[in-house]
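Thanks for coming. I will go through the overall picture first and then one side chain.

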Amino acid sequence: MGKYFGTDGFRGEANVNLTADHAFQVGRFLGWYFGEIKRQKGLDASPKIVIGKDTRRSSYMFEYSLVSGLVASGADAYLLHVTTTPSVAYVTRIDDFDCGIMISASHNPYYDNGIKLLNGSGEKMDEETISYVEAYLDGNLELFGKKWETLPYAEREKIGCTVDYVSGRNRYIGYLISLGIYSFKGVKVGLDCANGASWNIAKSVFDALGATTYVINNTPDGTNINRDAGSTHIEGLQKFVVDNGLDVGFAYDGDADRCLAVDEKGQVITGDHILYICGKYMKKQGKLVNNTVVTTVMSNFGLYKAFDEAGIDYAKTAVGDKYVYEYMSNNGCRIGGEQSGHIIYSKYATTGDGILTSLKLMEVMMAEKTSMSELHKDLTIFPQVLENVRVTDKAEAQADADVQAKVAEVTEKLGTTGRILVRESGTEPVVRVMVEAETEAICQKYVDSVVDVIKAKGYAVE
């Protein structure tokens, strides 16, 4: 993981640890870097970089800063305006852009923001390029056989321009509509847009496919993104679906790369439920390539038991949709994702896409001619207890022989009735201890037993 860029971009509080100057410098580097690659290939063409943003107040500031840096370095900046992360990935890939940029902090509160970089294939930017960006930000860039203390500015006709590219977003909407193979006529669908990037996209797609669409949290004001709304506060959609007698509801996060759902009874459909419902359907249709669904280590134990009963194989990756996609790409898998609702359908997208996920769930409902609650009735989600322990040294605490011995003891006692997972946080000085078992009391007992050892050995910070 880089100094500035984590698994999901450069993220921080706007103008505190992610500033307008950071954005300008990122733009300066990307415009120059992709231009230099073209020059070294003998191409006399300006780099093309496409930018989208979510509804945060600070997104405009970061957009303008990025654009200033890009055009000053000779790149042309194409603006999608307010749109979703997956739409930026789609447009980058389809329209042959050198790079895509999404300005968003996803499910974080409005005062945070982030810069996500995508390569020309619409995938998350490779670590090597990210390392160059970070080196430039730190003033120690060595690239193309030279140390760069500053980067040259473009001059005269080489200065870049800005292009309004809302048409790209509209074509993405058309693409989503084209994936709807069933009419949704007569189906009452609730959408929670989190006052985020999906607010002016999701309803258009569902309306076009014939649904009777009900929408909440679709009035962004710059500060209400994710506030008591969307996939991180799904209780609002649960009540909305039940109160209005809807058939199903879908909740997105701020940049709409996640989707969770609610069935007609108000029960939450997590990412694990979605993987089960869609994985089982794809197997039935003969479309589950390699007979494998890709999960992360945080997927529920009950999901794996249900897959075993359904005869579906599964892979487990590190936490992060980046790692899920890498495994899918390397092994030719068609569906994978996270409990949080990042679901990737590799035939249709290179990143998690909340609206696409809701369309694929609708497809299963329509094809099976049944309710959403019926589709997940054979999946039993095990109770889970997770405790975060702040420690002096997370690697040392996790590797401690006594801690390891206690984890092994818990693993043996749980047997085939549950599991324990102890892992380091990627962003905090924290060790996460998680147990899944048949009852919450069992989970708590075993979590406590491991946490007690961590504390007894002096690793915990009170």
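Start with the contacts. Taking contacts in the protein chain with a separation of 6 or more, 70% are between residues 24 or more positions apart. Keep in mind that this is a predicted model.

In secondary structure, the protein chain has 15 helices and 21 strands. Its radius of gyration is 23 Å, close to the 23 Å that the globule rule gives for 462 residues, so the chain is as compact as a globular protein of that length. Along the principal axes, the C-alpha atoms fill a box of roughly 70 × 60 × 40 Å.

Next, burial and surface. Of the 462 residues in the protein chain, 57% are buried, and by that I mean under 20% relative accessible area. The accessible surface of the chain is about 18,700 Å², and carbon and sulfur atoms hold 48% of that.

On charge, I count 48 positive and 62 negative side chains in the protein chain. The centres of those two sets are 4 Å apart.

Now the side chain. Gln-398 sits in helix H13, which covers residues 394-399. What does Gln-398 touch, leaving out residues up to four places away in sequence? The list is Val-403, Gln-404, Val-422, Arg-423 and Glu-424. For Val-422 there is also a distance to report: a polar atom of the Gln-398 side chain lies 2.9 Å from the backbone oxygen of Val-422.

To go back over that residue: Gln-398 belongs to helix H13, and its side chain has a polar atom 2.9 Å from the Val-422 backbone oxygen. That is what I have for today.

Methods
Residues are numbered from 1 along each chain as its sequence is written. This is a predicted model: local features need pLDDT of at least 70, side-chain atom pairs count only at pLDDT 80 or more; totals for chains, interfaces and linings use all residues. Side-chain values use heavy atoms; hydrogens and water are left out. Helices (H or I, at least four residues) and strands (E, at least two) are DSSP runs, numbered from the N terminus. The radius of gyration is taken over C-alpha atoms; the globule rule is 2.2 Å times the number of residues to the power 0.38. Buried means under 20% relative accessible area, exposed over 50%, partly exposed in between (1.4 Å probe, protein chains only). Contact means heavy atoms within 4.5 Å. Accessible areas come from the Shrake-Rupley method with a 1.4 Å probe; for residues, only the protein chains shown count as cover. Lys and Arg count as positive and Asp and Glu as negative; His and the chain ends are not counted. The place of a charge is taken as NZ of Lys, CZ of Arg, CG of Asp or CD of Glu. A polar contact is a pair of N or O atoms within 3.5 Å; within protein, one must be able to donate a hydrogen and the other to accept it, and residues adjacent in sequence count only if both atoms are side-chain atoms.
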